[in-house]
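Subject: Structure handover

Hello,

The structure is below for your use. Notes on what was found in it follow.

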Amino acid sequence: QVQVEESGGGPVSSGGSLRLSCAVSGRFVRINTFGWYRQTPGKERELVADISIGGSTYYAASVKGRFTISRDDAKNAVYLQMNGLKPEDAGVYYCNADDPLAGTDGLDYWGKGTLVTVFS
């Protein structure tokens with residue numbers, strides 16, 4: 001079984017910063033891509049940023065230049081540094097870990113989410 005645990009969410013004033021952390025533990029083969037997703041009420045979960053095992057990154061246009069994703073493979077962890085937060089950045093942030101060698105066709109692991117609230 002694989003556990004994915006996020007931390008670091010909370011309330012913050014507009015313009016402030018937060019750093020989200022996510023750690024994966026348990027019986028996985030190898031995490032290829034880590035991703036951070038955001039979900040707000042009534043909307044689908046959307047990709048905010050991801051980082052491949054080779055270090056390639058993707059950022060949604062709305063966060064580019066303000067958020068930075070990084071990973072520490074020795075700790076099976078991924079981080080999301082969020083600066084210049086805006087009210088529209090609020091939501092539940094979910095960590096995703098892609099394990100393409102697990103199972104027959106690969107597996108995706110999800111955390112339970114951490115809530116980010118941005119006060120204007």
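Buried means under 20% relative accessible area, exposed over 50%, and partly exposed in between (1.4 Å probe, protein chains only). E5, at 59% relative accessibility, therefore counts as exposed.

This is a predicted model, in which local features need pLDDT of at least 70 and side-chain atom pairs count only at pLDDT 80 or more, while totals for chains, interfaces and linings use all residues. Residues are numbered from 1 along each chain as its sequence is written, and side-chain values use heavy atoms, with hydrogens and water left out.

E5 belongs to strand β1 (residues 2–7); strands are DSSP runs of E, at least two residues, numbered from the N terminus. Apart from neighbours within four places in sequence, E5 is in contact with S21, C22 and A23, where contact means heavy atoms within 4.5 Å.

C22 lies in strand β3 (residues 18–26) and C95 in strand β9 (residues 91–99), so the pair ties together parts 73 residues apart in sequence. The link is left-handed, with -80° about the S-S bond. Both C22 and C95 are buried.

Two arginines sit over tyrosine rings: R19 over the face of Y79, at 4.2 Å from the ring centre, and R45 over the face of Y94, at 3.6 Å. The rule requires NZ of Lys or CZ of Arg within 6 Å of the ring centre and within 35 degrees of the ring normal.

Regards

How values were computed:
Disulfide = S-S within 2.5 Å. Helix = DSSP H or I, 4+ residues; strand = E, 2+ residues; numbered from the N terminus.
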